[in-house]
Amino acid sequence: MLRYLYADELHRFPTLAEGMFKDRADQFKTRLGWDVHVNEKGEERDEYDDLNPLYVIWEEPDGSHGGSMRVLPTTGRVMINEVFGHLNGGKPICSLLIWEVTRFCLSRTASPHTAGAIMLSGGEMMEGFGLTHIAGVFDARMIRIYRLIGSSPEVLGTQGSGRDQISVGLWPYSADDCNRVAERAGIPRDLSRMWFKAAFGPKKQHRFALSA
C-alpha cells in the first residue's frame with residue numbers, strides 16, 4: 001500500500017523508515033555512485049530531510065520498504081533551486097501550485113508495480129491538493145522508466161550526455177495520465193484515492209506552510 005508520512009511521523013513506522021533510508025544509501029551511493037552522505041547506520045540522509053518533508057512510501061505486504069520519494073513545496077527550500085538551479089538557466093521554480101519530488105528510490109526487492117504506484121501518488125497529490133505540476137530532477141536511466149509507467153515530464157533543461165545526463169522537468173496534472181499510470185501499475189483508482197484520503201482526511205489538508 002501507499003503511505004503518506006511526514007518526517008515527524010516516521011517514528012510510528014521504524015522498520016519502514018529504516019528500510020527507506022538504507023535503500024536510499026544502497027541505490028544512490030552503492031549502485032549509482034552518487035556523492036551522497038551515508039551515516040554510521042548505513043542510511044542516506046541530507047539537509048532536506050530535516051525540513052519535515054512528506055514521504056510517499058510503498059509498503060510491501062510484509063511491512064518492508066519497497067520504494068519511496070520525498071516531497072517539498074517549491075515555495076520553500078528545494079533541490080531544484082538550490083542544487084540544480086543551473087539546469088533551468090538559473091530561473092527558480094517557486095509556486096504554490098508546484099511541489100518538488102526527490103530521492104525516488106526502489107529497493108532491490110521492489111514489486112514490479114512499485115515504481116508506478118509511487119508515480120501514481122504524484123497524481124493523487126496534484127488532484128487532491130489542486131496542484132498544477134510536480135517538479136523533479138532525473139537522470140537518463142529514468143526516461144525509459146517514466147515511459148513504461150505512463151507519465152513523462154516536460155523537460156525544462158538538460159546537462160551532460162549519455163548515462164551522465166541529468167534534466168529538470170515538470171509533470172503537469174492530467175486525469176488521463178493518472179488513470180493510465182494506475183492501470184499499468186495494476187492499482188484501482190478507488191483504492192489509490194482511499195490511501196490518500198486515509199492520510200489527509202476527507203478535506204484533503206496537508207501540513208506544509210505555504211507562502212507566495
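**Reading the pockets**

Guide: Strand E1 supplies 5 residues to the lining of the second largest pocket, the most of any element. This is a predicted model, in which local features need pLDDT of at least 70 and side-chain atom pairs count only at pLDDT 80 or more, while totals for chains, interfaces and linings use all residues. Residues are numbered from 1 along each chain as its sequence is written, and side-chain values use heavy atoms, with hydrogens and water left out.

Visitor: Which elements give two or more residues to the lining of the second largest pocket?

Guide: A pocket is an open set of points on a 1 Å grid over the protein atoms alone, where a 1.4 Å probe fits, with protein on both sides within 12 Å along at least five of seven lines; lining residues have an atom within 4 Å of a point. Helices (H or I, at least four residues) and strands (E, at least two) are DSSP runs, numbered from the N terminus. Here the elements are strand E1 (2-6) and helix H6 (189-200). Of the 15 lining residues, Tyr 4, Leu 5, Arg 12, Ala 198 and Ala 199 lie nearest the centre of this pocket.

Visitor: How much space lies in the largest pocket?

Guide: A volume is the space filled by probe spheres set on the points, which are joined across faces, edges and corners. The largest pocket holds about 980 Å³. Its lining has 41 residues, and Trp 34, Val 137, Phe 138, Asp 139 and Arg 141 are the closest to its centre.

Visitor: Which element gives the most to the lining of the largest pocket?

Guide: Helix H3 (114-129) does, with 6 residues.
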